[in-house]
Amino acid sequence: MQNNLSRNRGVAVASTGLLGVLKELYVNKALYMMLVPAVVLLFLFCYMPLFGLVLAFKEFNFEMGIFHSPWTKPVFNNFLFLFGSEYGIRAIRNTVLLNALFISVGLVFEVGFALIFNEINSKIFKKITQTLTFLPYFVSWIVVGVFTYNILTSDHAALNNFLSVLGLPKIDFITNASIWPIILVLINRWKLTGYGTIVYLATLSGIDSSYYEAAEIDGASRWQQIRFISLPLLRPTVIVLTLLAIGRIFNADFGMFFSVVGDAATLYSTTDVIDTFVYRSLRVSSDIGMASAAGFVQSVLSFVLVVLSNMAARKADKDSALF
Amino acid sequence: MTLKKISLLKVFCYAAALIFALFCLLPFIMVISGSLSQEADTLKYGYGLFPRNVSFMAYKVLFMTSDRIVNAYAISITVTVTGTIFGLLINTMAGYSLSRKSLKYKNIVSIYTLLTILFSGGMVPWYIVCVKYLHLSDKMIALIVPYLANAWYIFLMRNFMKTIPEELNESAKIDGAREVTIFFRIILPLSKPALATVGLFIALGYWNDWWLGLMLINDQDRQPLQMMLRIVVTNVEFIKSQMSNSAELQRIVNQIPSEGVKMAVSIVTIGPIIFLYPFVQRFFVKGIMVGAVKG
């Protein structure tokens, strides 16, 4: 009897639950319909590839596809190859080291130039210099590749001409791998400094001017005002943006490496990153097992790091974390 | 003493800003100069800051003898225009729905959208899904569809539309307006600043994109402009091989300025951006300020 009762209640709850869902979908049908295209597209291009992560444990056969391709024996065979190859390890190491370099140098440049722009009183001068520094953000990496060709790597490269005019020896950029981390940092700063200063400038312009006025009355120099007012107030933004950048440390900027370094194999020792390694394994050598294993490692590490860095960012500043 | 310190700091700031701005501008000038230089000068003296003798030969060759560049231009324009219109529509509709408090399951969809930012399957599965399951290889839509829905833009639109008072909906509904009418007649006109910002980001993304061309298009005739630039730069002989073999053209082909052409193609590629940049810069600044940190 009691059993029956509870079963009935269960059915009732379930049907109001289902009915409730249907009713909500019906009442707001127009709003849900407006979500459909985005939901479907995100499913196709973001969720379906997630299923493809199992490929790291499979021997991919194009005809059989993601689901029907056989498992490798042993199941982590692709990873044995990845971690057994010095190139896979090298790519992971280069990715982390170069990104760490980009993040730290980027931080100095972006905060530094935000402070510098903030000190400039002439409106026209500020507008022109800011506009010019923001400009490189708008060109594609392919175009940046041509710029690099023009200045550094072509047989008629401008920098070497300049050096020889000064009587200095020419540098062979295409074979000199050790110099490339510096070149890549310079290119990265050239392209992204203007973009990076924008958020910091917004934070700076949001600082209450009465702080500076009070400091001035107390006799603080402009430098002291920067040191003891601007910098401390920039700190939360700096921490959050840096944490979020660290969350992406396993993801290299593929465009930069692909179009600036290209297929100059002599430079791979310092410039081959996970993304270029995966690309080559996939499209050039067709080693799908290796490519998907490296991609799998990258996806998992990235996910963990993004979540962790976000938690840390939220701790630092509740409003600025991603979620 | 204090006065001197202040002025020193100012001098440093002005100088640093000026030097860095010139550093950012320099490559553009070099490439423009390269595209206008006579080929013989480039081969003899290398690339420089200014052309020794101005020549428009590279541009002439580009537009008069090779219709592939014109064709790639047409592809890029088509992709950018359609992609921007549909991308804007899809992301705005989704953002609007998610901004409505009365929508019961908005949190589920928000989390569904957010997860796409956090977790990515990576290049290999993405490529296989596009090629094997969605059959996008060598199709024009392959250059558009993969980028249409974007979690960042959806959240940007949602956050903007949250600032539009919900009462506006209520009163329109009482007047008998349907959701679709409300969206197109009331919400969209009120969202013009956000639409401009997101629309410009989408357009820039499509114009500068080469990733989709690289991954999904094998036929060189169907590549967008950015990929065409890459092909021209990495393969010197490409432009030459494109020309018809009439005697007159053959004569030109033999004196083709390969170096100049590479530079000219890049100028042609960034031309529209440089031209529009002064007018649209402020929208990008606004978009970065609201979107950089927060999703």
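What percentage of the 323 residues of chain A count as buried? In this predicted model, where local features need pLDDT of at least 70, side-chain atom pairs count only at pLDDT 80 or more, and totals for chains, interfaces and linings use all residues, 40% of the 323 residues of chain A are buried, a residue being buried if 20 or more other C-beta atoms, placed from the backbone, lie within 10 Å of its own. Residues are numbered from 1 along each chain as its sequence is written, while chains are lettered from A and ligands numbered from 1 in the order in which they are written.

The secondary structure of chain A consists of 15 helices and 0 strands, where helices (H or I, at least four residues) and strands (E, at least two) are DSSP runs numbered from the N terminus. Chain A is more spread out than a compact globule, because its radius of gyration is 27 Å, well over the 20 Å that the globule rule gives for 323 residues; the radius is taken over C-alpha atoms, and the rule is 2.2 Å times the number of residues to the power 0.38. Along its principal axes, the C-alpha trace of chain A spans about 95 × 60 × 35 Å.

An unreviewed UniProt entry annotates "transmembrane region" at several stretches of chain A, including residues 30-55 and 171-187, although such annotations may be inferred rather than shown by experiment. Residues 30-55 of chain A are 85% helix, with end C-alpha atoms 38 Å apart, and residues 171-187 of chain A are 47% helix, with end C-alpha atoms 17 Å apart.

Methods: A residue is buried if 20 or more other C-beta atoms lie within 10 Å of its own, exposed if 12 or fewer, and partly exposed in between; C-beta atoms are placed from the backbone.
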